[in-house]
Amino acid sequence: MAGIYLHIPFCKQRCTYCDFHFSTSFQSYRKDLIAALCKEIELRKTEINEHIQTIYFGGGTPSLLENSELVLILKTIYFNFSVSDNIEITLEANPEDIDSERLEFWKTHGINRLSIGLQSFKESDITWMNRAHLASDGEKAVRLAQKIGFENITVDLIYGLPQLTINEWQNHLERVVNLGIPHVSAYCLTVEPKTALHHQVKHRQLITANEDEQSEQFETMVAYLKSQGFEHYEISNFAKNECYSKHNSSYWQGVHYLGIGPSAHSFNGTERRWNIANNSVYYKNVGENESWFTIEKLTNNEQWNELFLTGLRTKWGVSKSALATIDTFTTSEEKLLNQYKQKGDIKENETHYTLSESGKLQADGIASAFFRV
Ligand SMILES: C[S@@+](CC[C@H](N)C(=O)[O-])C[C@H]1O[C@@H](n2cnc3c(N)ncnc32)[C@H](O)[C@@H]1O
Ligand code: SF4
């Protein structure tokens, strides 16, 4: 089993909070960049011998791809790799790019999962976020996609927003549930360095939620979505009827994947590869066969840390047999594990360690307690 991630580094405008890799002035070189993506796909065809089970168009804003560009990328993948018959192909789509014609096109060209960036139902949030759509466009986009026949739809929401009350958050969750979609991703707002949000928070133009408010919103979300039939299968992800993101679940379970495009990461079991996060250097270097990536062989300690970091966030947990291929617990780690088990934060079965509800509130802290340096 293997997957391909494609990073589309284009955005209409810069959202206040976002530090992902993207550019808003890409028209002059978009052709060159797409050509480089296709060349990278071709150059890396021998890196994966298994069937490709998932393709994920992420970004940036993949819904800014013109139809011909999307087809060219897909054709290049199908030409160079062996693609599974029941492949999951996800496209991240921003509400302002969604209309019936685009949806029909995506559907007939193999896109079978849409990830729609709703973020918030509150107009004033969408404004300070500097999103390129109205709050109401998010819901409209989901309904239109359903009308065209997309069933596997997920939306992104953000909580912990400035002045988001618990009642408003509950209302957002109810509106999401009422959309009748099988998957929701919800992220706690993080103030990333060098973003406009960071500047605003630093100058007290915006005050974000404190830790208690964030925890309350997280707990409200977990309880409510569970009561509505959603399974909390990863810290930020909820699915009905096992409609998990196959692509992201593969990441969390250590499946091999190729990351294509500027800033994309790849993993082959023992090595991580980072593509350069610079559009012009990326397409020029790919075009001229100059290096555009760095490779790092994971040390035993890094592989150990990775198992805790990704495993503890999911319902599948950290695999005991995977840990055993690296090392055994030291005496102090054993003691730490027992303390977490006694507090009820970590649960253990024959094959895995998982987090309890209380543990999920401190997922990153618990994972890092087991990190080795
Ligand atoms: C990089 S975006 C790409 C998706 C798409 N371009 C969009 O804007 O909907 C993926 C998701 O990460 C989340 N995200 C990005 N920056 C974040 C931040 N600083 N705090 C919390 N969530 C964030 C947003 O929910 C966003 O939809
Ligand atoms: S949140 Fe999405 S649309 Fe906004 S800047 Fe980030 S990648 Fe682009």
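Student: Which residues in α3 meet Leu 144, Ala 145 and Ile 148 in α5?

Tutor: This is a predicted model, in which local features need pLDDT of at least 70, side-chain atom pairs count only at pLDDT 80 or more, and totals for chains, interfaces and linings use all residues. Residues are numbered from 1 along each chain as its sequence is written, while chains are lettered from A and ligands numbered from 1 in the order in which they are written. Helices (H or I, at least four residues) and strands (E, at least two) are DSSP runs, numbered from the N terminus. Counting two residues as in contact if their C-beta atoms, placed from the backbone, lie within 7 Å, the partners in α3 are Ser 100, Leu 103, Glu 104 and Lys 107.

Student: How does α3 lie relative to α5, oblique or perpendicular?

Tutor: Axes are lines fitted to C-alpha atoms, for helices over the stretch in contact, and angles run from 0 to 180 degrees between N-to-C directions. On that basis α3 (residues 100-108) and α5 (residues 135-148) pack at about 50°, with their axes 10 Å apart. Since angles under 35 degrees count as roughly parallel, over 145 as roughly antiparallel, 65 to 115 as roughly perpendicular and the rest as oblique, α3 is, relative to α5, oblique.

Student: Which residue in β15 is the bridge partner of Ile 346?

Tutor: β14 and β15 (residues 352-355) pair in the antiparallel sense over 3 bridges. Within β15, the residue bridged to Ile 346 is Leu 355.

Student: How many residues join β7 to β8 in the hairpin?

Tutor: β7 (residues 231-234) and β8 (residues 237-239) run antiparallel and are joined by 3 bridges. One bridge pairs Glu 234 with Asn 237 in β8, and the number of residues through which the hairpin joins the strands is 2.

Student: Which strands each supply at least two residues of the shell around ligand 1?

Tutor: A residue is near a molecule or strand if its C-beta atom, placed from the backbone, lies within 6 Å of it. By that criterion 15 residues surround ligand 1, the closest being Tyr 17, Phe 20, Gly 117, Asp 156 and Tyr 187. The strands that each supply at least two residues of this shell are β4 (113-119) and β5 (153-159).

Terms used:
Pairing = 2+ DSSP bridges.
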